[in-house]
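Keep the viewer open and follow along.

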Amino acid sequence: ERTSVLITGCSSGIGLALAAHLAADSGHRFKVYATMRDLAKSERLLERLGSCCPDTLEVLQLDVTDPHSLAAAAQRVQGQQLDVLVCNAGVGLMGPLETCSDLAMKTLFDVNFFGAVRTIQAFLPAMKRRRAGRIIISSSIGGLQGLPFNAVYCASKFAVEGLCESLAIVLRPFNIHVTLVECGPVHTSFLANLQCPDPEGSELQGLDAETRGLYRRYLQHCQSLFRDAAQEVEEVLPVFLEAIVSLCPPLRCASTQLLAPLWRLRLGSPDGSAYVRAMHDFVFCGSEVGGDQP
Ligand code: NAD
């Protein structure tokens, strides 16, 4: 009996790579429902798998912000039993908070938070009836700790973390495992796709010079972090695979130890001030990650 897996956001990045990897499994252990907002973008996934579409893969339209498309996808899959749901669709938003428009913030939450909620709601009742299932979420390091100039993105991923931790408690007796995968920087189209004002552009004209300077420094930091420390998609796949096949997957698993010292510092100092100082010094003063604590 194959393990059925539905993944959102499969037109690029982690979703595409995970769908291709599972569909190409040499033991044919998985039936993959690779879903994406725009089916015209399915070519890259199909190319990855070679010219013929194997019977381990079905590509479905699914926009996580559209309840109708979710209902249609759920109906298509519900006949088969869904073993694993991977809520992966997500978008970014970067910049000084003063410049984030209402629309941009709402759109981001509609995908990252409400999109995950709706997707889970669509598949949860059937999993509960079967008393089996797994829900895996593409969270982020930014779901565990605040990151400068990513306030709204982090807020959406913190929200997802709270959602899933709360849900996991209730789902325990139903034998449904919830796992949050916290990725650090990964080479995908995420950075290119995210909205991010140019520090020299007109969008930031009304902003104070000091914040503009910090934002400029942050963008340089972000660039070098992605250049020196970002993972390839293939490096994060084992974490998702482990969450799919492990007998007892954890609630959280990180794909990188990059910011682990800062995370430990944050946990070990609950009033938060040591973390704020260390993160500030790491990003804006070039200090070691989590080093140099009082
Ligand atoms: P990506 O931009 O390549 O993939 C995101 C996918 O989500 C895209 O295919 C996009 O089309 C899809 N998507 C956006 N809105 C959608 C909607 N309304 N309905 C359905 N799909 C939609 O980037 P990625 O890095 O592969 O991102 C996957 C997940 O990983 C995201 O949730 C992201 O927040 C998370 N993540 C990424 C990084 C990183 O550095 N790349 C780091 C931490 C967490």
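## Nonpolar cores

A nonpolar core is a set of buried Ala, Val, Leu, Ile, Met, Phe, Trp, Tyr and Cys residues joined through C-beta atoms within 7 Å. Here a residue is buried if 20 or more other C-beta atoms lie within 10 Å of its own, exposed if 12 or fewer, and partly exposed in between, with C-beta atoms placed from the backbone. The largest such core has 50 residues, and the members touching the most others are Val5, Ala19, Val32, Ala34 and Val86. Helix α1 contributes the most to this core, giving 8 residues.

A word on the ground rules. This is a predicted model, in which local features need pLDDT of at least 70 and side-chain atom pairs count only at pLDDT 80 or more, while totals for chains, interfaces and linings use all residues. Residues are numbered from 1 along each chain as its sequence is written. Helices (H or I, at least four residues) and strands (E, at least two) are DSSP runs, numbered from the N terminus.

Which residues does Ala19 contact, once its neighbours within four places in sequence are left aside? They are Ile7, Cys10, Val32, Ala34 and Leu45, where contact means that the two C-beta atoms, placed from the backbone, lie within 7 Å.

## Around the ligand

The ligand is surrounded by 26 residues, and Gly9, Gly13, Ala89, Gly90 and Thr188 are the closest. A residue counts as near a molecule or strand if its C-beta atom, placed from the backbone, lies within 6 Å of it. Two elements give two or more residues to this shell: α1 (13-23) and α7 (190-193). Helix α1 supplies the largest share, 3 residues.

By residue type, the shell has 9 nonpolar, 15 polar and 2 charged members. In this scheme Ala, Val, Leu, Ile, Met, Phe, Trp, Tyr, Cys and Pro count as nonpolar, Asp, Glu, Lys and Arg as charged, and the others, Gly among them, as polar.

## Two packed helices

Two packed helices are described by the angle between their axes and the distance between the axes. For helix α10 (residues 260-268) and helix α11 (residues 273-284), the axes come within 8 Å and cross at roughly 160 degrees. The axes are lines fitted to C-alpha atoms, for helices over the stretch in contact, and angles run from 0 to 180 degrees between N-to-C directions. Helices α10 and α11 are therefore roughly antiparallel to each other, given that angles under 35 degrees count as roughly parallel, over 145 as roughly antiparallel, 65 to 115 as roughly perpendicular and the rest as oblique.

On the α10 side, Leu262, Leu265 and Arg266 meet Ala274, Tyr275, Ala278, Met279 and Phe282 of α11. The residues of this contact divide into 7 nonpolar, no polar and 1 charged.

## Two strand residues

Ile136 sits in strand β5 (residues 133-138). Ile136 counts as buried because it has 25 C-beta neighbours inside 10 Å. Beyond four places in sequence, Ile136 contacts Val84, Val86, Thr179, Val181, Phe240, Ala243 and Ile244.

Glu182 belongs to strand β6. Is Glu182 buried or exposed? With 23 C-beta neighbours inside 10 Å, Glu182 is buried. Its contacts outside four places in sequence are Ser139, Ser140, Ile141, Gly143, Leu144, Arg252, Ala254 and Ser255.

## Loop residues and positive phi

Most residues other than glycine have a negative phi, and most peptide bonds are trans. His28, not a glycine, has a positive phi of about 50 degrees. His28 lies in the loop between α1 and β2 (30-36), and is exposed, with 12 C-beta neighbours inside 10 Å. Asn175 also has a positive phi, near 60 degrees. Asn175 is in the loop between α6 and β6 (176-182) and is partly exposed, with 13 other C-beta atoms within 10 Å.

Thr256 lies in the loop between β7 (252-254) and α10. Thr256 is partly exposed, having 18 other C-beta atoms within 10 Å. Apart from neighbours within four places in sequence, Thr256 contacts Gly184 and Gln231. The C-alpha atoms of Thr256 and Val186 are 9.8 Å apart, although 70 residues separate them along the chain.
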